[in-house]
Amino acid sequence: DSSGYMNHARLLASGHLHLQARTIPGLPQASAPPYLYVPLGFRPARDGDGLVPTYPSGFALFVLAMKPFAGWRHAGDLAIILHSIVGLLATYAICRLLGLGRRWALLGAGIVATSPLYLFMSLQAMSDVPSLCWTSAAVMAALRSRERAPWALAAGAAVAVDVLLRPANVLVFVPLAFALGSSPRRWILFIAGGLPGALFFVAHSHAAYGSFAATGYGDATRSFLAAYVPGTLLHYCKWLPALFTPLVVLALGLPWIRGAAPWTKWLLGTWILGFAAFYSTYLCTHEAWWYLRFLLPAAPALVAASLLV
């Protein structure tokens, strides 16, 4: 997976999104199986013009941004290390903004910091930990906008980065709605903040895949089936307490606590359930503990909800 992001970053640096396959002399591509010359993270272009990236552009853009500071050899390392540090700061900040004291917020950041899942994905140049960071940043900025409306601009920009990292992170829109509230001014600023990222998304999609709304994954509907839900729910019950301490079970009591405002409960509840429900239907989630990396964007909410209870 990391190689796919690195190769995508190199393509972006070259100003191209189509790559011609390297073939073995005497074994032309036309006479070979379709994917013989296609590395992980790429697929044949729909128009027949070589190969195009499979993965979203977000993390590749971060790798490209780190290249002047660390070179291609360590650009991915620097990108993931910085996000790993910021992810812990973001967890602390979310806990504080939702009313937890400093010690409780430090405990929340500590639970994430010592999670085997977080540690494991902090060593991989992939989009999971960055998704945690930018999902949290979007919610934090939206919460701050309740006091100062211009923070909604930052919330929109953070969501745009989040969706560039992983299109499914659009799930954060539901908890963001509770964070932003009903102010038309905040929503206008939010849309304005996200517009540049949205324009880049559609331009990249059209250049790579021939459609403004397409992603590199193509038609993934067969990868999301209700038949996977029972096994994935059992997987959640087994592994979430192991990966984030048994305290996470307390999050089930969130609807009944009296010390939190109703919008806080809805924000945290939809944040957790949105990601958990969506990925419960995915074909990979139940296969291994580290596939719960897809839930990392909701980890700060899960921990904060547990500590509030």
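1. Start with the largest pocket, which holds about 970 Å³ of space. Of its 37 lining residues, Thr-54, Tyr-55, Tyr-217, Tyr-282 and Phe-294 are the closest to the centre. By pocket I mean an open set of points on a 1 Å grid over the protein atoms alone, with protein on both sides within 12 Å along at least five of seven lines, and a lining residue has an atom within 4 Å of a point. Grid points are joined across faces, edges and corners, and the volume is the space filled by probe spheres set on them.

2. Before going on, remember that this is a predicted model: local features need pLDDT of at least 70, side-chain atom pairs count only at pLDDT 80 or more, and totals for chains, interfaces and linings use all residues. Numbering runs from 1 along each chain as its sequence is written, and side-chain values use heavy atoms, with hydrogens and water left out.

3. Who builds the lining of that largest pocket? Strand S1 (42-44), helix H4 (116-121) and helix H10 (262-280) each put in at least two residues. The elements are DSSP runs numbered from the N terminus: helices are H or I with at least four residues, strands E with at least two. By class, the lining has 23 nonpolar, 8 polar and 6 charged residues.

4. How many cavities of 30 Å³ or more does the whole structure have? The search finds 1. A cavity, on the same grid, is a set of points where a 1.4 Å probe fits but cannot get out. The largest cavity has a volume of about 100 Å³, and of its 15 lining residues the closest to the centre are Pro-56, Ser-57, Phe-201, His-204 and Tyr-209. Helix H6 (151-165) and helix H8 (184-209) each supply at least two lining residues, and H8 gives the most, with 4. The lining divides into 9 nonpolar, 6 polar and no charged residues.

5. Buried means under 20%, exposed over 50%, and partly exposed in between (1.4 Å probe, protein chains only). The C-alpha atoms of His-8 and Ser-57 are 7.4 Å apart, although 49 residues separate them along the chain.

6. Now the salt bridges (a side-chain nitrogen of Lys or Arg within 4 Å of a carboxyl oxygen of Asp or Glu). The whole structure has 2. Arg-166 pairs with Asp-128, with the closest N and O atoms 2.6 Å apart. This links distant parts of the chain, as Arg-166 is in the loop between H6 and helix H7 (173-180), Asp-128 is in helix H5 (residues 128-144), and they are 38 residues apart. Asp-128 also pairs with Arg-293, at 3.0 Å between the closest N and O atoms. Asp-128 is in H5 and Arg-293 in the loop between H10 and H11, so this pair ties together parts 165 residues apart in sequence. Relative accessible area is 1% for Asp-128, which is buried, while Arg-166 is buried at 8% and Arg-293 is buried at 9%.

7. Last, a backbone point. Most residues other than glycine have a negative phi. Thr-245 is not a glycine, yet its phi is positive, about 70°. You'll find Thr-245 in the loop between H9 and H10, partly exposed at 28% relative accessibility.

Technical notes: Nonpolar A, V, L, I, M, F, W, Y, C, P; charged D, E, K, R; others polar.
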